[in-house]
2 protein chains.
Amino acid sequence: MAAGPQNVRRMPRAQRREQILDAATRAFARTGYVATGLDGVTAEAGVTSVLLYRHFDSKADLYRAVLDRACARLEATVGSSDFDEGSISALLRAAAEDPDGFRLLFRHAAREPDFRDVVDGIRAMSAEVTRRELAAVIPEGPWLDWAVQYVPTVTLEAVIAWLDAGQPDPDQAADRIALVVHSAIRAANSVD
Amino acid sequence: MAAGPQNVRRMPRAQRREQILDAATRAFARTGYVATGLDGVTAEAGVTSVLLYRHFDSKADLYRAVLDRACARLEATVGSSDFDEGSISALLRAAAEDPDGFRLLFRHAAREPDFRDVVDGIRAMSAEVTRRELAAVIPEGPWLDWAVQYVPTVTLEAVIAWLDAGQPDPDQAADRIALVVHSAIRAANSVD
DNA sequence: AGCTTTGTTTAAGTCAACTTATACAAGATG
DNA sequence: CATCTTGTATAAGTTGACTTAAACAAAGCT
């Protein structure tokens, strides 16, 4: 039989690739790399697995493409803004522009042994900047270490929670988050 | 040949079970459920996989036992302390008593589709308490939702970062973390 | 019209990781 | 000392998920 496909949506190769990447981002954002089967991706994309393999060599290859793109978008939006006030609102803008990619990067990829290296690029840079900033305020010691790890986390989790809450008050959001971040720095410095 | 085992350390069944659970907790704490092979567990425990299967029906069964024990310990230490000042220091005590279990629960299990239910028990209770506390301070709306999700996260991540920093100043730690938590609540409430 | 590209369907191949089976060694215990 | 339990070693079985293969249909361009 092999009933031929009736209403097949054809696309130029590049566009299809993007569409698959979009779908894969959504699919992976739900449950991460291992727990997301290729079925999940193909279902989300509305495409057969065979076609998928005509665009990507393997599941790992696809995942890396997804992460790289999310990473590139993030860097494009956040850019070179150092760790000043503006960087938080830049982060919010980036998250709003690509929520699934954002969640995927920091909720899942950051904890996946085979792929943390992608995020570690950002992470390392961010940690270095953070350390330099904090070293001027917090005395050397374990609480500086604590802050260096904790401050980026607090920031990212605030943004993710903001996404989950429906992205309210984009203008004020940065200020509110800044409050918490500063408080974390103060907490590392001394107990009032 | 089958060179018989020379120096075999024998143990009563119950004790061996605990020893395996300890080892499995350490092993799983590193990379979570899927990414940790049974080899990882057996290597850490110093036993054969056959013996492992004489104590647990399956990998999933073992993992659940690990999580349940960690959960039980946590609840035993934190107890019924409501969301007051004392609960943070109770959390610190619990984390210090079982660091691997703590990290495993909140870093990994919380994000694993098949096992999040274990943590969700805690999570739901904690969220409900949090919401009741916050509802008295924060007006209904998306920022309340934000805080309800964010406050527990901020707390847990602070504790984990504290573990990673080498558990400095156990006495002051609770106060420092409380500062950040209160600041998060204030942030949700209004921008100064 | 003919060739290339995009797509589908169906089926089979591969491989790692979990799981079971079998046989044997040696401590504990009554 | 007979027996039960704890342990090992080695090998085979099973399965789910990823991956390839083969054959065919239709859109689109030259």
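Modeller: Start with burial. Buried means under 20% relative accessible area, exposed over 50%, and partly exposed in between (1.4 Å probe, protein chains only). This is a predicted model: local features need pLDDT of at least 70, side-chain atom pairs count only at pLDDT 80 or more, and totals for chains, interfaces and linings use all residues. Residues are numbered from 1 along each chain as its sequence is written, chains are lettered from A, and side-chain values use heavy atoms, with hydrogens and water left out.

Colleague: Is Asp98(A) buried or exposed?

Modeller: Asp98(A) counts as buried because its relative accessible area is 14%.

Colleague: Which side chain meets Asp98(A) in a salt bridge?

Modeller: General idea first. Side chains of opposite charge can pair when their charged atoms come close. The cut-off for a salt bridge is a side-chain nitrogen of Lys or Arg within 4 Å of a carboxyl oxygen of Asp or Glu. Here the partner is Arg73(A), at 3.4 Å, N to O. The two are 25 residues apart: Asp98(A) sits in the loop between α5 (85-97) and α6 (99-108), Arg73(A) in helix α4 (residues 59-78). Helices are DSSP runs (H or I, at least four residues), numbered from the N terminus. Arg73(A) is partly exposed, at 36%.

Colleague: Which residues are linked in a network of salt bridges?

Modeller: Glu18(A), Asp22(A) and Arg69(A).
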